[in-house]
Amino acid sequence: MFEQLVDVIVNYVEVKKEDIKPESRFMEDLGFTSFDFMSMLGELEEALDVEIDAEKAANIRTVQEAADYLSTLTD
């Protein structure tokens with residue numbers, strides 16, 4: 001799930017894949033705006049055919065947290 005997420009992240013911000021680490025924070029480290037983040041979540045919902053809980057998504061700070069949460073939805 002992490003690699004899949006990285007593939008999506010690079011479509012939203014100017015970051016090289018190899019620079020995205022599990023502990024990378026979306027806003028502080030990768031330069032996401034809240035709009036970018038919500039747009040990415042919408043794309044992931046469509047691609048993975050899942051429904052992301054907005055309240056839970058609001059608490060996601062790192063790439064690994066996002067990957068872990070998405071994994072719970074796709075199991």
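This is a predicted model: local features need pLDDT of at least 70, side-chain atom pairs count only at pLDDT 80 or more; totals for chains, interfaces and linings use all residues.
**A chat about helices, core and rings**

Visitor: Which residues on the other side of helix 2 are exposed?

Guide: Phe-35 and Glu-46. Exposed means over 50% relative accessible area, buried means under 20%, and partly exposed lies in between (1.4 Å probe, protein chains only). Helices here are DSSP runs of H or I with at least four residues, and they are numbered from the N terminus.

Visitor: OK, back to helix 2. Which of its residues are buried?

Guide: Asp-36, Phe-37, Met-40, Leu-41, Leu-44 and Leu-48. They cover an arc of only 135 degrees around the axis, so they sit on the same side of helix 2. The arc is taken from the directions that run from the helix axis to the C-beta atoms.

Visitor: What covers them?

Guide: The cover includes helix 1, helix 3 and helix 4.

Visitor: What span should helix 2 have?

Guide: The expected span is 1.5 Å times one less than the number of residues. For the 15 residues of helix 2 that gives 21 Å, and the end C-alpha atoms are 21 Å apart, which agrees.

Visitor: And what follows helix 2?

Guide: Asp-49, with a positive phi near 55 degrees.

Visitor: Switch to helix 4. How many residues does it have?

Guide: Twelve. Helix 4 reaches 17 Å from its first C-alpha to its last, close to the expected 16 Å. Its buried residues are Val-63, Ala-66, Ala-67, Tyr-69 and Leu-70. These cover an arc of only 165 degrees, which puts them on the same side of helix 4.

Visitor: What lies over that side?

Guide: The cover of the buried residues of helix 4 includes helix 1, helix 2 and helix 3, which is 54-58.

Visitor: How many residues are in the largest nonpolar core?

Guide: It has 25 residues. A nonpolar core is a set of buried Ala, Val, Leu, Ile, Met, Phe, Trp, Tyr and Cys residues joined through side-chain atoms within 4.5 Å. Leu-5, Ile-9, Phe-26, Leu-30, Met-40 and Leu-44 have the most contacts inside this core. Helix 1 (2-9), helix 2 (34-48) and helix 4 (63-74) each supply at least two of the core's residues.

Visitor: Take Leu-30. What does it touch?

Guide: Ile-9, Val-13, Val-15, Ile-20, Ser-24, Arg-25 and Val-63, leaving out residues up to four places away in sequence. Contact means heavy atoms within 4.5 Å.

Visitor: Ser-24 is on that list. Is Ser-24 buried or exposed?

Guide: Buried, because its relative accessibility is 7%. Ser-24 sits in the loop between helix 1 and helix 2. Beyond four places in sequence, its contacts include Arg-61, Thr-62 and Val-63.

Visitor: New topic. How many aromatic pairs are there?

Guide: Four. Rings of Phe, Tyr and Trp (its six-membered ring) pair if their centres lie within 6.5 Å; planes under 30 degrees apart are stacked, over 60 edge-to-face, and the rest tilted.

Visitor: What about Phe-26 and Phe-32?

Guide: Their ring centres are 5.2 Å apart and their planes are at 90 degrees, so the pair is edge-to-face. Phe-32 also pairs with Phe-37: centres 6.5 Å apart, planes at 80 degrees, so edge-to-face too. Both Phe-32 and Phe-37 are buried.

Visitor: Which residues do ring pairs link into a cluster?

Guide: Tyr-12, Phe-26, Phe-32 and Phe-37.

Visitor: Where is Phe-37, and what does it touch?

Guide: Phe-37 is in helix 2. Beyond four places in sequence, Phe-37 touches Phe-26, Met-27, Phe-32, Ala-57 and Ile-60.

Visitor: Last one. How many salt bridges does a search find?

Guide: Two. A salt bridge needs a side-chain nitrogen of Lys or Arg within 4 Å of a carboxyl oxygen of Asp or Glu. Asp-7 and Lys-17 meet at 2.7 Å, N to O. Asp-7 is in helix 1 and Lys-17 is in the loop between helix 1 and helix 2, ten residues apart. Asp-29 bridges to Arg-25, with the closest N and O atoms 3.0 Å apart.

Visitor: Are Asp-29 and Arg-25 buried or partly exposed?

Guide: Asp-29 is partly exposed at 40% relative accessibility. Arg-25 is partly exposed at 36%.

Technical notes. Residues are numbered from 1 along each chain as its sequence is written. Side-chain values use heavy atoms; hydrogens and water are left out.
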